[in-house]
Amino acid sequence: MARAATREAILEAALAIVADKGLEAMTISRLAEVSGASNGSIYHHFGSRGGVVAELYRASFAELVGEMVPALDERPAEAVVPELAGRFLDWIAANPTRAEFVYRASTAGVLPEEETAAFKARVMAPLATWFGARTARGEMRAVPAWALDAVVMSPVHECARRYLAAPATFDLRRARPEVEHAVWAIVRP
């Protein structure tokens, strides 16, 4: 396999293993078996099992935020903020395996907290900048950058978790308007 193809095969194998048996089932030997890459190749590309987890987390989280960024335009904050929440939920519905991985990895304590915080700050910088500018205009109440994910998006996270736990019984489409309203209510002036 070419280098980029090997790397991608390992990440896809990791995602498949986690979806099937959980994060704890993702071992180097299982990754090699599922991806077709050698143990040495996995270590070469990622350094360790933790390196695979961290890279898959970073790629998935960046993809999620990347789905939200196009909404950051000149419309009033009252229109954009709910759309951000809706885009987040849309990504969850379209990518349940990646979403489940993001939530599992972030709560399993497998990622270094300082590294994860710095990464999230970089990826979420466009959101923080947009929120800062809209706060300065008086369109929203001031919310610290660290609170964008932890506080402002908390209704989204709760609904995402419920959906991922029981997709047959939790309808994200029905929840979306309520979530969008709740997220705007957190930041409206």
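Modeller: Helices here are DSSP runs of H or I, at least four residues, and strands are runs of E, at least two, numbered from the N terminus. It's a predicted model, where local features need pLDDT of at least 70, side-chain atom pairs count only at pLDDT 80 or more, and totals for chains, interfaces and linings use all residues. Residues are numbered from 1 along each chain as its sequence is written, and side-chain values use heavy atoms, leaving out hydrogens and water.

Colleague: What does UniProt call residues 27-46?

Modeller: The unreviewed entry has "DNA-binding region" there. UniProt positions follow the numbering used here, feature names are shortened, and annotations may be inferred rather than shown by experiment.

Colleague: And which residues are listed for "domain: HTH tetR-type"?

Modeller: Residues 4-64, again from an unreviewed UniProt entry. That span is 82% helix and 0% strand, and its end C-alpha atoms are 22 Å apart.

Colleague: New topic: where's Glu180?

Modeller: In helix H11, residues 172-187.

Colleague: Buried or exposed?

Modeller: Glu180 is buried, at 17% relative accessible area. Buried means under 20%, exposed over 50%, partly exposed in between, using a 1.4 Å probe and protein chains only.

Colleague: What does Glu180 contact, leaving aside neighbours within four places in sequence?

Modeller: Pro82, Ala85 and Gly86; contact means heavy atoms within 4.5 Å.

Colleague: How about His157, buried or exposed?

Modeller: His157 sits in helix H10, residues 154-165, and is buried at 10% relative accessibility. Not counting residues up to four places away in sequence, His157 touches Phe88, Tyr103 and Asp149.
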